[in-house]
Amino acid sequence: MITRTPIAVHREAATPFERGGWQRQLREAIRDPVELCRRLRLDPSLLPGARTGHGLFPVRVPVAYLERIRPGDPADPLLRQVLPLDAEANAVRGFVDDPLAEREHTPRPGLIHKYPGRMLLIASPTCAINCRYCFRRHFPYADNAPSMREWEKTLDYLRSDGSIQEVIFSGGDPLASPDRRLAALVERLDAIAHLKRLRIHTRLPVVIPDRIDDDLLGWLTATRLQTVMVLHINHAREIDEAVIAACARLKGAGVTLLNQSVLLRGINDDVESLAALSERLFEAGILPYYLHVLDPVTGAAHFDVPDDEARELVEALRQRIAGFLLPRLVREVPGERSKTPL
Ligand code: SF4
């Protein structure tokens, strides 16, 4: 029997109206570890470690996400995804800056071509939230932020390869880009006859649900391409009523919603949490898709769950939930032509 994890509501939570539009929420995300600890009433002993981690990969937490974190609880699974720690400074064997060797698959700035039939565009160099375990925490975004004119050359690469059927917007978070820019890009993709699908990898509808507004739905529904949104949610408590409403709007616009999670020590590394996550995803109209083991990126070793333990967890999960709610346990192996099932 799965008990649904209650949704934490911060007593001082602002209404969407008070928070302003998504652009303002993006601008006003918390970027200071002192402010993060103060707002969440965390023990000041956490500050030196938070400052160390922040120096390696800056803090960024939108207020709409902060409001789902339990104040005063250093073990809160949402907090652990965003709070920098001094453990991030540890050099651990096997953990490297570019764990997926993406720099070897970047034929043009802003474009990653790893898998047959699909190509990934870095549609935005920034994120709304900085997740401490991110495999791109050392990605050279400054070298991969083409101007609209430079995009044309990137699109020529796409136009010249008729085997590509799907374009994936990634980042950073592609939805951190203005709608004007995204709409212009999608219009150009629309004109490439061999493209069938647009996939968007994003965490923005989760961390700032107000991002799903009329402007976004305008270009999403105007394209002839089938649209798939792959969200990134690691814990059931990330899905509050605002996220459910945002997902309902997306589904109403004909967008297929999938989720990929990362298996993270201290966040979702138990059957109860994973089962609650799958159930909550489905309530929000999202199908669990992948459960990734951690990519071995420098600074994130403390989140690692060994493969054997991951397999056991998923086996136990299989006994608990309906088959269609079970995500596929995978690892991304540099040089492989698809994700590797574990
Ligand atoms: S939103 Fe995605 S790309 Fe951005 S920091 Fe988090 S995991 Fe990385």
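Colleague: How many bridges join strand E2 to strand E3, residues 166–171?

Modeller: Keep in mind that we are looking at a predicted model. Strands of a sheet pair through backbone hydrogen bonds, either parallel or antiparallel. E2 and E3 run parallel. Along this pair, methionine 119 has valine 167 as its bridge partner, leucine 120 stands opposite isoleucine 168, and the number of bridges joining E2 to E3 is 6.

Colleague: Which residue in E2 does isoleucine 112 stand opposite?

Modeller: Let's look at the hairpin that E1 and E2 form, with 5 residues between them. In its turn, glycine 117 has a positive phi of about 85°. The two strands pair in the antiparallel sense over 2 bridges. Opposite isoleucine 112 stands leucine 120.

Colleague: Which strands stand at the edges of the sheet?

Modeller: The sheet is open, with 9 strands and mixed pairing, in the order E1-E2-E3-E4-E5-E6-E7-E8-E9. A strand at the edge has a single partner strand, so one side of it is left without a neighbour in the sheet. Here the edge strands are E1 (111–112) and E9 (340–341).

Colleague: Moving along from E3, which residue in E4 stands opposite phenylalanine 169?

Modeller: E3 itself is mostly covered, with 5 of its 6 residues buried. Its pairing with strand E4, residues 197–202, is parallel and has 4 bridges. Opposite phenylalanine 169 you will find isoleucine 200.

Colleague: Where is glycine 172 found?

Modeller: Start at the peptide bond from glycine 171 to glycine 172, which is cis, with omega near 20°. Glycine 171 is also among the residues around the ligand. As for glycine 172, its place is the loop between E3 and H7.

Colleague: And which residues are charged among those around the ligand?

Modeller: The shell consists of Cys127, Ile129, Asn130, Cys131, Cys134, Arg136, Gly171, Asp173, Arg203 and His232. By class, it divides into 4 nonpolar, 3 polar and 3 charged residues.

Colleague: At roughly what angle do the axes of helix H7 and helix H9 cross?

Modeller: Helix H7 (residues 179–190) and helix H9 (residues 214–222) have axes that come within 10 Å. H7 is roughly parallel to H9. Asp179, Leu182, Ala183 and Val186 in H7 meet Asp215, Leu216 and Trp219 in H9, a contact with 5 nonpolar, no polar and 2 charged residues. The crossing angle is roughly 0°.

Colleague: Last one: is arginine 41 buried or exposed?

Modeller: Arginine 41 lies in the loop between helix H3 (33–39) and helix H4 (47–56). Its phi is near 50°, a positive value in a residue other than glycine. Arginine 41 has 10, so it is exposed.

Conventions. Residues are numbered from 1 along each chain as its sequence is written. This is a predicted model: local features need pLDDT of at least 70, side-chain atom pairs count only at pLDDT 80 or more; totals for chains, interfaces and linings use all residues. A residue is near a molecule or strand if its C-beta atom, placed from the backbone, lies within 6 Å of it. Ala, Val, Leu, Ile, Met, Phe, Trp, Tyr, Cys and Pro count as nonpolar, Asp, Glu, Lys and Arg as charged, and the others, Gly among them, as polar. Two strands pair if DSSP finds at least two bridges between them. Axes are lines fitted to C-alpha atoms, for helices over the stretch in contact, and angles run from 0 to 180 degrees between N-to-C directions. Angles under 35 degrees count as roughly parallel, over 145 as roughly antiparallel, 65 to 115 as roughly perpendicular and the rest as oblique. Two residues are in contact if their C-beta atoms, placed from the backbone, lie within 7 Å. A residue is buried if 20 or more other C-beta atoms lie within 10 Å of its own, exposed if 12 or fewer, and partly exposed in between; C-beta atoms are placed from the backbone.
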